[in-house]
Amino acid sequence: MNLQGIYVRSHQERSQPDKHVAYAVEVHSPNRTWTVWRRYSEFEALLKDIENELVVTATEKGKERASSASSSKLPELPPKRASLGSAFIKPWKGLTGKGDEQFIKDRQHGLETFLRAILGSREAHGQAARESRAFRSFLEIPVSTSMSGPGSSNQKGGASAFTSQSWLEEYHALEAVCRDIQSSLSKRDGLADRGDSTAAHQSNVQAKKQLAALVNRMSSLAVSLDDEALRNTLSEGELRRRTDMVAKLQDRAEVLRNLSASTSTAAGMEKRYGTTSSASTTEARQKLLATGSSGKPVTRVLGARKPAEETEQTRVLDNGGLLQLQMQQMDEQDDRVSSLTAIVRRQRQLATAINVELVEQNELLDRLSEDVDNTETKLSGAKKQLKKLGS
């Protein structure tokens with residue numbers, strides 16, 4: 001597989017199976033992008049496994065190659081915290097016990113440098129490390145797939161299939177990308193309201209770039225559901241659930257695309273008519289809240305009109321943030337409706353199965369009743385024959 005790049009762009013603090021920091025290793029190929037989560041100890045195990053595998057392979061080919069392989073140096077991992085004098089202090093904690101975010105970010109950058117050094121190495125031992133089983137397994141690349149780094153002439157092979165777990169990790173990563181895009185759009189709207197059009201335009205461009213990457217990765221996620229290897233590992237219900245998840249993600253991407261395009265339309269209106277987006281918003285709000293001749297708001301609300309109330313959650317949000325909150329609440333409602341639909345569908349299946357069972361039981365009872373009637377008829381005939389023989 002011709003990998004285009006490897007990045008470690010984010011991390012998570014996890015508590016299972018024990019407290020540790022997991023780093024998101026983002027692997028880019030020409031056909032798709034996927035993410036695997038690895039902790040620092042797994043990077044250490046990877047380095048040892050690669051070294052052992054290279055020595056074993058070289059030993060099989062001759063003693064001279066074994067000695068050269070043992071002397072070849074692989075890229076180094078970022079060091080553990082040198083200032084820690086106790087092994088009981090975990091690397092994700094500072095000396096005060098508080099989270100050391102800067103140390104984790106430095107380690108994250110060092111881990112990315114380590115992986116990219118292996119991927120981009122032109123030396124013999126670097127290429128061997130890149131083709132090793134340990135490296136493939138670490139990145140979840142099928143062993144049967146040929147892999148080459150940047151600049152290599154080997155273009156053989158295609159995208160490796162998702163595993164069930166890596167598919168879910170990629171889906172959650174795309175959800176995080178959606179949240180990043182929403183954050184960029186909210187930042188854009190805030191900058192536009194303050195009149196900083198240059199920074200607002202840059203935020204919008206960034207959101208569009210993220211959106212383009214999201215669409216590309218999302219299509220790979222959808223296409224992977226047709227992969228025979230992945231389908232065989234999923235039940236029919238799970239496959240339907242994941243298809244619905246992709247459809248929901250596509251709908252969310254469409255909403256984000258419309259939001260990113262809305263600022264271009266507003267900018268065109270401003271350039272043509274000389275009005276600002278905030279003025280347009282104020283004018284539209286006044287029209288929306290226009291009052292009738294009696295001075296009362298024109299509404300169709302039955303009973304007393306309840307005024308809108310600020311909450312702790314909405315008080316700190318701008319228009320983009322409120323839209324994002326509304327979308328999240330709508331997604332939660334959709335999830336509840338989907339769950340309710342699944343329950344109703346299951347109840348219907350149970351009712352149908354019970355009905356079929358009752359029909360079968362009624363047929364058995366009818367047959368039993370017929371057999372009992374036939375038996376009674378035969379017994380009465382036999383009794384009559386015995387009376388005739390006795391007389």
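**View 1. Packing of helix 6 against helix 7 in the predicted model.** The axes of helix 6 and helix 7 (residues 197–224) approach to within 9 Å and cross at roughly 160 degrees; axes are lines fitted to C-alpha atoms over the stretch in contact, with angles from 0 to 180 degrees between N-to-C directions. The two helices are therefore roughly antiparallel, a term for angles over 145 degrees. The crossing is left-handed, that is, the near helix is turned anticlockwise from the far one by less than a right angle. Residues are numbered from 1 along each chain as its sequence is written. In this predicted model, local features need pLDDT of at least 70, side-chain atom pairs count only at pLDDT 80 or more, totals for chains, interfaces and linings use all residues, and side-chain values use heavy atoms, without hydrogens and water.

View 2. Helix 6 (residues 164–193) comprises 30 residues and spans 44 Å from first to last C-alpha, close to the expected 44 Å (1.5 Å times one less than the number of residues). Helices are DSSP runs of H or I with at least four residues, and strands are runs of E with at least two, numbered from the N terminus.

**View 3. The salt bridge between Glu 140 and Arg 38.** The closest N and O atoms of this pair lie 3.7 Å apart; the criterion is a side-chain nitrogen of Lys or Arg within 4 Å of a carboxyl oxygen of Asp or Glu. Glu 140 sits in the loop between helix 5 (133–139) and helix 6, and Arg 38 in strand 3 (residues 33–39), 102 residues apart.

Note on methods. Parallel < 35°, antiparallel > 145°, perpendicular 65-115°, else oblique.
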